[in-house]
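Me: I should like to learn how to read a structural model. Please take me through the one shown here.
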Amino acid sequence: MGVVLRVAAMAVAAIGASWIHRVNDPGVLCPLRALTGIPCPLCGSTTVFIELGSGRPAQAVLANPVALVGAIAVALAPLGPGGRWWALQPKTRAWMLGTALLGSELWQLVRFGVLRV
């Protein structure tokens, strides 16, 4: 039941974010990107939900795959992945999160054209 409620809440949030964005585009929400022009590792997280709420899952993946995987992990945590995550050693969790954030930052730098491939 927990998974159903989490997925339902995420779906409502995604559709709501999509609707708000369509009606009134708030512009850049990331403070780092707004001030420096450099995206943070979490840039694109709002876009993930906007694209999902608009029915464009491929665009959601391209916006920030790490945020999408994180949202799926949070939704499915009650089914077992959450317990497995906390069973890992703290150093292992920190390494995994750090690697995911580094990968996400590189993705965003390429996505916004700051880093050329």
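Reply: The protein chain averages a pLDDT of 86, and 97% of the residues score at least 70; pLDDT is the predictor's confidence in each residue, from 0 to 100. This is a predicted model, in which local features need pLDDT of at least 70, side-chain atom pairs count only at pLDDT 80 or more, and totals for chains, interfaces and linings use all residues. Residues are numbered from 1 along each chain as its sequence is written, and side-chain values use heavy atoms, with hydrogens and water left out.

Me: Where in the protein chain is confidence lowest, and where is it highest?

Reply: Where pLDDT is low, the predicted coordinates should not be read in detail. Here helix 1 (residues 2-23) has the lowest confidence, at a mean of 80, and helix 7 (residues 90-111) the highest, at 95.

Me: How many helices and strands are there in the protein chain?

Reply: Helices (H or I, at least four residues) and strands (E, at least two) are DSSP runs, numbered from the N terminus. The protein chain has seven helices and zero strands.

Me: How is the packing of two helices described?

Reply: One gives the angle between their axes and the distance between the axes. Axes are lines fitted to C-alpha atoms, for helices over the stretch in contact, and angles run from 0 to 180 degrees between N-to-C directions. Helix 3 (residues 45-53) and helix 5 (residues 65-76) pack at an angle of about 70°, their axes 8 Å apart. Helix 3 is therefore roughly perpendicular to helix 5 (65 to 115 degrees).

Me: Which residues of helix 3 and helix 5 meet?

Reply: Contact means heavy atoms within 4.5 Å. Ser 45, Val 48, Phe 49 and Leu 52 in helix 3 meet Ala 67, Leu 68 and Ala 71 in helix 5.

Terms used:
Parallel < 35°, antiparallel > 145°, perpendicular 65-115°, else oblique.
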